[in-house]
Amino acid sequence: MQNLSRKKVILGTKSIAYIGVLIALSTVTNAYAIETGIMSISFNYLVFFVAGYFMGPVAGILVGGLGDLFGCLIKGYAPNPLINACSILLCLIYSLGAVIPLPKKWRPEIKLYIRLVIVFVFGFLTVTTFLNSYATWWFFSSKTKSYLAYVGTRIALQSPVWAINLAITAFVAFPLGKFVFKKSWLDDYKLLLKRNKKEETPISEISVGERTEVENLVEIEEREVQTPIEENSIDKNSDTQE
């Protein structure tokens, strides 16, 4: 009886490429900002949300951590472990947005926007307002200004930056999800679990609809990760059958 014996692939070539691009973007947004004379406008929130929500917590850790580290090195600053940890935590919060339960009958864009607003507000109130403010205060202003005074000033300066990032992210999130990433990391994870659960099941015991879904996944996976070794093994199998 024929079985579905396929390799499990956690990160494909496309996912690794996306993570690399997002790390580069995170580095740029950390190293360079739009200076207005009153505040510095960066777009970290946008990059972090795309990494966390669409690519998942692992990608968020890499993008938030490495982007902040490389950005500091480019600017010539010594990396601050607390600020680096805040960047990672913000990405993780955004990745949890995909887990927020919402009614299935709601349209995908509505669910995306609701989750976007929830994680943006929660991340701003917890990470940006308190944790990141404490890290920057301790690193730059602890000797000249009290923490509460610094938090008040930072909230006034960061609120417009946060609002700009929220507006831009809301504008681009749905097109990115529809045409680039196709779905959130949680949807990919559920599909991976479903495929792995069936991969050892005899084909005769899988329904026609489920069989088609699994075979389509396998076919797509093989096209993305096919190696010469696999091609040789296929040739050998064909020779044996002849």
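Select N84 and D68 to begin: their side chains make a polar contact at 3.3 Å. The model is a predicted one.

Keep N84 selected and look at where it sits. N84 belongs to helix α4, which covers residues 81–95. Is N84 buried or exposed? N84 has a relative accessible area of 17%, so it counts as buried, the cut-off being under 20%. Now show what surrounds N84. Setting aside residues up to four places away in sequence, N84 touches G65, D68 and L69.

Next, select A59. A59 lies in helix α3, which runs over residues 57–75. A59 is buried, and its relative accessible area is 2%. Which residues does A59 contact, apart from neighbours within four places in sequence? Select I19 and A51 to see them.

Now move to the largest nonpolar core, which has 37 residues. Select L22, Y45, F49, V63, Y94, V119 and F120, the residues with the most contacts inside this core. Colour the helices next: α1 (13–31), α2 (44–55), α3, α4, α5 (108–141) and α6 (147–181) each supply at least two of the core residues. Which helix gives the most to this core? Helix α2 does, with 10 residues.

End the tour on Y45, one of the residues with the most contacts inside the core. Leaving out residues up to four places away in sequence, Y45 touches L90, Y94, F120, F124, T128, Q158, V161, W162 and N165.

How values were computed:
Residues are numbered from 1 along each chain as its sequence is written. This is a predicted model: local features need pLDDT of at least 70, side-chain atom pairs count only at pLDDT 80 or more; totals for chains, interfaces and linings use all residues. Side-chain values use heavy atoms; hydrogens and water are left out. Helices (H or I, at least four residues) and strands (E, at least two) are DSSP runs, numbered from the N terminus. Buried means under 20% relative accessible area, exposed over 50%, partly exposed in between (1.4 Å probe, protein chains only). Contact means heavy atoms within 4.5 Å. A nonpolar core is a set of buried Ala, Val, Leu, Ile, Met, Phe, Trp, Tyr and Cys residues joined through side-chain atoms within 4.5 Å. A polar contact is a pair of N or O atoms within 3.5 Å; within protein, one must be able to donate a hydrogen and the other to accept it, and residues adjacent in sequence count only if both atoms are side-chain atoms.
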